[in-house]
Amino acid sequence: MEFTVAQIADVIAATVEGDAQAKIKTVCKIEAGFEGGLTFLANPKYTHYIYETKATAAIVNKDFVPEKPVPCTMLRVENSYFAFAKLLDFYNQMKKNSKVGVSKMACVAESAKIGQNVYIGEFASIGENVVIGDNTKIFPHVCLGDNVKVGHDTVLNSGVKIYAECVVGNDCIIHAGTVIGADGFGFAAQNGEFTKVPQIGNVVIEDNVEIGANTCIDRATMGSTIIHKNAKIDNLVQIAHNVEVGEGSAFAAQSGVSGSTKVGKHCIFAGQVGIAGHITIGDQTIVAAQSGVTNSLKGGQAYLGSPAIPITQERRLIIYRKKLPELFQKMDEISKLVN
Amino acid sequence: MEFTVAQIADVIAATVEGDAQAKIKTVCKIEAGFEGGLTFLANPKYTHYIYETKATAAIVNKDFVPEKPVPCTMLRVENSYFAFAKLLDFYNQMKKNSKVGVSKMACVAESAKIGQNVYIGEFASIGENVVIGDNTKIFPHVCLGDNVKVGHDTVLNSGVKIYAECVVGNDCIIHAGTVIGADGFGFAAQNGEFTKVPQIGNVVIEDNVEIGANTCIDRATMGSTIIHKNAKIDNLVQIAHNVEVGEGSAFAAQSGVSGSTKVGKHCIFAGQVGIAGHITIGDQTIVAAQSGVTNSLKGGQAYLGSPAIPITQERRLIIYRKKLPELFQKMDEISKLVN
Amino acid sequence: MEFTVAQIADVIAATVEGDAQAKIKTVCKIEAGFEGGLTFLANPKYTHYIYETKATAAIVNKDFVPEKPVPCTMLRVENSYFAFAKLLDFYNQMKKNSKVGVSKMACVAESAKIGQNVYIGEFASIGENVVIGDNTKIFPHVCLGDNVKVGHDTVLNSGVKIYAECVVGNDCIIHAGTVIGADGFGFAAQNGEFTKVPQIGNVVIEDNVEIGANTCIDRATMGSTIIHKNAKIDNLVQIAHNVEVGEGSAFAAQSGVSGSTKVGKHCIFAGQVGIAGHITIGDQTIVAAQSGVTNSLKGGQAYLGSPAIPITQERRLIIYRKKLPELFQKMDEISKLVN
C-alpha cells in the first residue's frame, strides 16, 4: 500500500505544507523516522525532533509555529493526535486478523445463543444461556459463566473471565486476564470472626468501554456494579462492589476504587490512585498519580496528595515542606534572639 | 418463595416493630427499595434513606433511634449487617448452581485422587498425584500442578493457577485468575548480575480462607508461605515468599506484603497498603489505606502514613502540614520584628 | 542424595571451619535447622540464629566474625547468598520435573515451528507462524498469538498470555497469568470523547529476563516496548506502552512505569513505586518503596518520597515533619513574647 500525502490530507482534512505528492508507505515515530514514513507531533516535549526527523511527512497542529526549518512535509489539522489515531485505525483495520467461526475445541453450552459472524477460540468455555451478539470475538481460554450477556462487535481477549449473570455491552474491548464479576470483598465481623456476605448482584458494562489486562471488577452485593459507556480502564485496576463509574471516565493502571463509591462523568484518575468507599466524585474531577481520595469531591477540579486536596494547594505544601529545615533553623536563631 | 416478616424475624432472632405479617419476596438496597423487599441499615451514612425507603421491611440495630417516622417494618437485632448476611447466605444457597461431575474436556492425571461430589469443569488441568477433597468445585481453566492438595468444600474459580506442591485447605474460596505458588522474587546480586535463588518451598493455605481475583501468593524459598485460617484477602494483593498471615487477618485490594514478614492475627490492612520485608506485625493491628509499614509493629493499634505511624499522630501532622503557609508567613513577620 | 561438607565446599569454593566429613542431606532455614541440613547466613538480622541453629552446616561470608561459638560447621565464601543460590540451583535441577512433548490436548497451528525437546501442556493455544526454540516449556493454558517468537530454554508458566507479534528471548521465565502485549492505554481526547489510538507495535523481551505472576507489559503504539536482558520483574507490575527497561534492572511487586519512559541499566525499584511517563531514569538509580518518580533522574543515586527526591533529603524532611507540633508551639510562644 502506498499513498500520496495529498490522499492522506484528504482523509484527515489537513492542509499540506511541502510536497503533496510525496509517497507514504507506513507510519513511524518522530524520533525514528525514515523515508516513506508518516509521523505526528502532539506532545510539546517532542517538538525538537521535528527539526531533524527523517520521516517523509508529519501531522502537526494547525497552530504549530516552527522555530527552525522543518525538513519534512507538514499536514496541519485541528488535533494532530486525534488525526493520527484515525489513520492508525484505518491501518489497523486493514491488517486486522478477522477470525471468524466457533472452534471445535471450544466448549459452548447448547442453550447459548451465538450471533452472526462470531469468533470463539479454542478452549473457550461458554456457559448455559449465554448470549453473544454479532461480530463479537472471543479468544482462547475465555470463560463466560451461566447467563452472561455480551453485546455485538465486542472483543474479549484470551483468558478473560466473566462470572455468571454479568453483562457486557457493544463495541467493548476487554484485555487478557481481566476478571469481571468476582465476589465483592464483603464480610460481617462479629466477635472477631468474619462471616461472608454473599454477593448476589452482578456487573454491567455499557457500550464502548475498554478495559485493560488483569483488571478486576467485582459484582455488587445486591444490584449492579456499573461501568457506564465510553469509560476507559487500564491494567491492574480494582473496581470494588457496587461502584458506579460515570460515562467517559478514565482510570490509569493500578488505580482502585473502594466499594459503593459513585464516580461522575469524564473524570480522569492517574496511576496508583486510591479512592475510598461510600463517597461521590463529581463530574470532570482529575486526580493526580498516587493520590488518595478520602472524601467526596464536587467535581470540575484537579486534586493531588494522600489525602488528596486541590492540586495547587498540595503543590504549595510540597514546596513549603522542602523548606522545613531552614524554617527550623530560623526558629532556632529567633529563639536565641528573643530569649 | 415468599415469607412473612415474622418468619424472617424467627430465623435471625429479631424483635419486630410494625407489620409482622407483611410479605417479603426478595432483598433490596435501602435507597432502591420496593414492595416486598427486605433491606437493612448498618452504615450510619445511609440512615437518612430509612425515612423514605420503599422497602417493606428493614433490619436495623437494636439501639437504632429514629429521628422521624420510619415507613417500613423494622426487625431489630444485635448486628444488622451480620443478620442480613446470614439471610443472604440462605438466599444464595437456594439459587446456587450446584455443578457436579468431571467434564470429559478436563485433563485429570490418572494418579490424581478425586473426592465425592466434586465438580471439575472443562479445560481444567489436574496434575500428577493431586488430591481433591469432597464437594470441592474446580471451574474451567484451573491448573493444579503436580502434588497439589485441595481440601473439601473449597471453590477454585475459573483460571486459578496453583503451582506444584502447594496446599489449600477446606471451605476456601479462591477467585478467578489468582496465582498460588509462583516463584518468590529472590536473586543474589554479585558484580551487578542477578543469579536466581531457586524457590523450593511451597504455599500452605489453611481452612476457611477467601482470596480475591488476580492475587498472587508466592511460594517460599524454603519452607512455606502460610495463610492461616479465616484470613480474607482481596483482589490484586501481593503476598511475597515466606510471608505468614495470621488467623483472621484481612487485606484489602492492591495491598502487598514483602518477603519473610510475619503478620499477626485479626489484623486489618486497607487498600494499597505496603508492608516491608523481614518485619513482624502484632495481633489486631489496623493500617489505613495507602500507608507504608516500614518497621515491626507491636499490635493493637491503628497506623497511617508512609512511613506509617500511629493514626492520631499522623492525622495531627496532616493538619499541621496544611498550616505550613501561615507558619512561614508568621515567621517572616516575626523575623522583621526582631531584626 | 547425600554429600559431605567437603564435597559441597568443593563446588562453591569454600574454606571449611569444623567437620568437613559431616553429612548433608538437604537444605534448611537457619531458624529451623536440623541434622543433615545445610543453611546459610547472609542477612545480618539473622545472625543471632547461627549461635543456636540445629543445622549441620552453614555457608557464611568470608568476613563473618562470630561473637559466640557456632554450633555447626561453617563454609566460608565470598558471598554466602550467592553460593547458596548456586547450590539450590543444582538441587532444583535434580528434582526438576523435566516435562517434554506436545500434549494431544494442546492446539498448535500447523504453521508453527516447534524446536527440539519442547514441552507444550494441555489446553495451550499456539497461533499461526509461532516459533518456539529448543528446550522451552509451555505450561497448560498458555496462549501465544499469531507470529509470536519464543527463544530456547524459556519457561512460560500456566496461563501466560502473549499477544500477536511479540518476542520473548532465551532463558526467560514468565510466571502464571502474566499478559504480554495487550494494547497500551492510548486515547485521543476530543470534545470530551475518547478515540482509541490503535497500538500496532509489539513487546520485545530479551534473554534471561524473569517476570512474575499477573504482571502486564503493554505493546507499543508503534515500535516496541523493550525489556532488556537480565531484567527482573516481580508480580503485579505494570509496564506501559513504549517503555524501555534497561539491562539488569529490577522492579519489585506492584510497581508501575507509565508510557514512553526509558529506564536505565541496573536500577532497582522497590514495591509499589510509580514512575511518570515520558521521562528518563539514569543507570543505577534506586527508588524506595511507594515512591513516585515525577521527573527524569540522572542515575547513581537513591530516591524516596512522592514526589521522589534524594533519599537523605526526604528522610530529613520526614523527621522535621514529625516535629511540626513542637514548631507550632514554639512559634506561639515567641509570638507572645515579641507582640
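**Parallel sheet, chain interface and local backbone features**

In chain B, 10 strands build an open sheet in the order 9-12-15-18-21-26-29-32-35-38, with parallel pairing. Strands (E, at least two residues) and helices (H or I, at least four) are DSSP runs, numbered from the N terminus. Two strands pair if DSSP finds at least two bridges between them. The edges are strand 9 (107-108) and strand 38 (292-293) of chain B, each of which pairs on one side only. The structure is a predicted model, in which local features need pLDDT of at least 70, side-chain atom pairs count only at pLDDT 80 or more, and totals for chains, interfaces and linings use all residues. Residues are numbered from 1 along each chain as its sequence is written, chains are lettered from A and ligands numbered from 1 in the order in which they are written, and side-chain values use heavy atoms, with hydrogens and water left out.

Within the sheet, strand 15 (residues 143-144) and strand 18 (residues 161-162) of chain B run parallel and are joined by 2 bridges. Cys143(B) has Lys161(B) in strand 18 as its bridge partner.

Two copies of a chain are related by a rotation about an axis and a shift along it.

The contact between chains B and A (heavy atoms within 4.5 Å) takes 61 residues from chain B and 73 residues from chain A. Together the two chains bury about 5,200 Å², 65% of it on carbon and sulfur atoms. In chain B, Arg321(B), Phe328(B) and Met331(B) lose the most area to chain A, together 12% of what that side buries. Buried area is the accessible area (1.4 Å probe) that two parts lose on being put together, summed over both.

The interface of chain B and chain A holds 4 salt bridges (side-chain nitrogen of Lys or Arg within 4 Å of a carboxyl oxygen of Asp or Glu). Glu210(B) forms a salt bridge with Lys196(A), the closest N and O atoms being 2.9 Å apart. Elements that each supply at least two residues to the side of chain B that touches chain A include helix 2 (80-95), helix 3 (311-322) and helix 4 (324-338). Strand 28 (232-233) and strand 31 (250-251) of chain B also each supply at least two.

Most residues other than glycine have a negative phi, and most peptide bonds are trans. The Ser306(A) to Pro307(A) peptide bond is cis, with omega near 5 degrees. Pro307(A) sits in the loop between strand 39 (302-304) and strand 40 (309-310) of chain A. In chain C, the bond from Ser306(C) to Pro307(C) is cis, with omega near 5 degrees.

Ser260(B), not a glycine, has a positive phi of about 70 degrees. Its loop joins strand 32 (256-257) and strand 33 (262-263) of chain B. Ser260(B) is partly exposed at 26% relative accessibility; buried means under 20% relative accessible area, exposed over 50%, partly exposed in between (1.4 Å probe, protein chains only). Asn117(C), also not a glycine, has a positive phi of about 65 degrees. Asn117(C) is partly exposed at 41%.
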